[in-house]
Amino acid sequence: MSTSLEDRLTDLDLPMPDTLVPHILAQAAQPGTRRIQPMRHRPRWVTVAMAVVLLFVAISGVSFYAPRFAQVLADAPVVGTAVGPALRSVGLAGLEGRFTALDSRVTSSGYTVRLVAGYADANQTVLVLKVDPPDRSFFMRPELTDQFGREIGFSGGMSDTRTGDNVLIFRGIPWPDSVLGARVRLHSSVLQALPVGQPLAGEWTLQGTIPVESSRPLPLPAAGILADSTFRFTQVEATAATVSIQMEISGPLAKQLDRVVGETIPEVAKPHPAFSYELVDAGGGAATAISGTTSTGIGPAKFSATWVISHPGEYRLGIAYEGIGSFERTITVP
Amino acid sequence: MAGHDQLAHGQPVEARDDPPLTAELLCARYAPRVYRFAAMVAAGEVEAEDLAQDALVHAIRSLGQFDARRGSVETWLWRIVVNVAIDAGRVSTRRRLLWERFRSQPASGENVEDLALMRITAAELLAAVRRLRPRERGMIALRFGAGLGFAEVGVAYGISSAAATMATRRALDTLRILLKETR
């Protein structure tokens, strides 16, 4: 039997709820009314569980839940050049020197995976790993959890099947880890060769304790105006290695932040976002953006972005919308 | 998909003897396909129902503005649906991050894909579709959820048929990568 991806998509069983059409007709018959959104409460058990966890943290004081204060972490060396090449290959050279050395290793199915180093702040968690032998070093579906069992979403990564170097990037460490430090657990059950190859099943679970870089708020720049839309800064923060901003956008452009412009010319050009942003240091060097997120809905749109920086100083933030205009603001990182 | 077949052959849905387009008729003809589209682009079942409801209510309230001389019902309807989907607030993430590196890896051969697809459940496939970027999700959902042709997908997004074909193909490539990751 041959089943293409297209066939599977076409055959997906997605039955319409019986209540949908009656709801549509009822709502449409009431001009000007907005659908009442069902309230989505936090389940009571979640609240209770959070309270229990917080209480446990408060009274336990053990290093497992507060690894930042553990002696093991106080003595951890900071990795310097050892991870440099891997970081540079994914544009994270600015984080070099901010890593905590780790040495968790596990062997399964003949492949040894070593957790070499880790870095974490409120915006991203970066792990550097080494796989030996290196021919299958692409992690399929890596899972990262913290000491509270919370999963930290995977954002992307790099794998070099010649050297076995891996850089895996996850989302930021949530509260209260960001205060306490994070004891993370990385798990994967499949290693893969690239570009294609037979998946290798195994069980690789590694653990490490990473301090979480604290961030400090910076003064908010003045709002920018493009056409009739206002770009208002709501938060600007810096760690020793990153700058992150958050903005609210109101006006006509708020709903067009994801607009794509330009034509597709095979092998030559492809459409690109109309909304763009960059952070440039005083020497004209562009900082590496490691995330940029827009969200739109009821009310102002929101935009947040994070860049890796290599030094303190003045940075120029450029915000542009193709065909409309641009504005710049200065962000000073002390 | 009678509506789609008619559209594919260039015939407007309203023939001379067709009954006037009412809210009930619009829902009867298109609600299941609008919901299939919504189920693919939204984050979950509740959001899909919200999106389908918003889109069809919007269309019903705009029925008075529909002009059959300017295009078919389908063309008009799917533009509304896509615009509502864009406006509705699905959070999009643009990461200059490293997915591009993963994406650039060539897709595996068909036999491998066949084997992998046989093992993937419908829920896993839908979850992977929902992890695509909003525009990629939209392309996939219009083409395979709503059953539109590439020309109609292009019209809904305001791009050419060729651009829609390319964009859908790229979305499928990305989906293959995500499915490989799933497995």
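Me: In this predicted model, which residues of H2(B) meet residues of H8(B)?
Reply: On the side of H8(B), the residues that take part are B:Arg137, B:Gly138, B:Ile140, B:Ala141, B:Leu142, B:Phe144 and B:Gly145. Their partners in H2(B) are B:Arg33, B:Arg36, B:Phe37, B:Met40 and B:Val41.

Me: At roughly what angle do the axes of helix H2 and helix H8 of chain B cross?
Reply: Helix H2 of chain B covers residues 23–41, and helix H8 of chain B covers residues 134–145. Their crossing is right-handed. The two axes come within 8 Å of each other, and the angle at which they cross is roughly 145 degrees.

Me: What is the handedness of the crossing of H2(B) and H3(B)?
Reply: These two helices pack with their axes 8 Å apart, at an angle of about 145 degrees. Among the residues of H2(B) that take part are B:Leu26, B:Val34 and B:Phe37, and they belong to a group that meets residues of H3(B) including B:Leu51, B:Ala55 and B:Ile60. The crossing of H2(B) and H3(B) is right-handed.

Me: Is B:Glu74 buried or exposed?
Reply: B:Glu74 is placed in helix H4 of chain B, and its side chain is joined to that of B:Arg33 by a polar contact of 3.0 Å. A residue counts as buried when its relative accessible area is under 20%. Because the relative accessibility of B:Glu74 is 0%, this residue counts as buried.

Me: With which residue does the side chain of B:Ser72 make a polar contact?
Reply: B:Ser72 sits in the loop that lies between helix H3 (45–61) and helix H4 (73–87) of chain B. With a relative accessible area of 8%, B:Ser72 is buried. The polar contact, at 3.0 Å, runs from its side chain to the side chain of B:Thr75.

Me: How far apart in space are B:Pro134 and B:Ala42, C-alpha to C-alpha?
Reply: B:Pro134 belongs to helix H8 of chain B, and its relative accessible area of 26% makes it partly exposed. In sequence, B:Pro134 and B:Ala42 are 92 residues apart. In space, however, the distance from C-alpha to C-alpha is 9.0 Å.

Me: Which residue just after H9(B) takes a positive phi?
Reply: Helix H9 of chain B runs over residues 150–157, and its buried residues include B:Glu152, B:Val153, B:Gly154, B:Ala156 and B:Tyr157. Just after this helix comes a residue with a positive phi of about 70 degrees, and that residue is B:Gly158.

Me: Turning to chain A, how many helices and strands does it have?
Reply: Chain A is made of 334 residues, of which 44% count as buried. Its accessible surface comes to about 16300 Å², and 55% of that surface belongs to carbon and sulfur atoms. As for its elements, chain A has six helices and 22 strands.

Me: Which residue in the hairpin of S8(A) and S9(A) takes a positive phi?
Reply: Strand S8 of chain A, residues 154–159, is mostly covered, since six of its six residues are buried. It runs antiparallel to strand S9 (residues 165–171) of chain A, to which five bridges join it, and within this pair A:Phe154 stands opposite A:Phe170. The hairpin has five residues between the strands, and the residue with a positive phi, near 85 degrees, is A:Gly164.

Me: What is the order of the strands in the open sheet of three strands in chain A?
Reply: The edge strands, each of which pairs on one side only, are strand S18 (275–281) and strand S22 (325–333) of chain A. Seven bridges join S18(A) to S21(A), and nine bridges join S21(A) to S22(A), with both pairings in the antiparallel sense. The order is therefore S18-S21-S22.

Technical notes
Residues numbered from 1 in each chain as written. Chains lettered and ligands numbered in written order. Predicted model: local features only at pLDDT ≥ 70, side-chain atom pairs only at ≥ 80, totals over all residues. Heavy atoms only, no water. Helix = DSSP H or I, 4+ residues; strand = E, 2+ residues; numbered from the N terminus. Buried < 20%, exposed > 50% of the residue type's maximum accessible area, 1.4 Å probe, protein only. Polar contact = N/O pair within 3.5 Å; in protein donor to acceptor, adjacent residues only side chain to side chain. Pairing = 2+ DSSP bridges. Areas by Shrake-Rupley, 256 points an atom, 1.4 Å probe, with all protein chains shown as cover. Axes fitted to C-alpha atoms, helices over the stretch in contact; angles between N-to-C directions. Left-handed = near helix turned anticlockwise from the far one by under 90°. Contact = heavy atoms within 4.5 Å.
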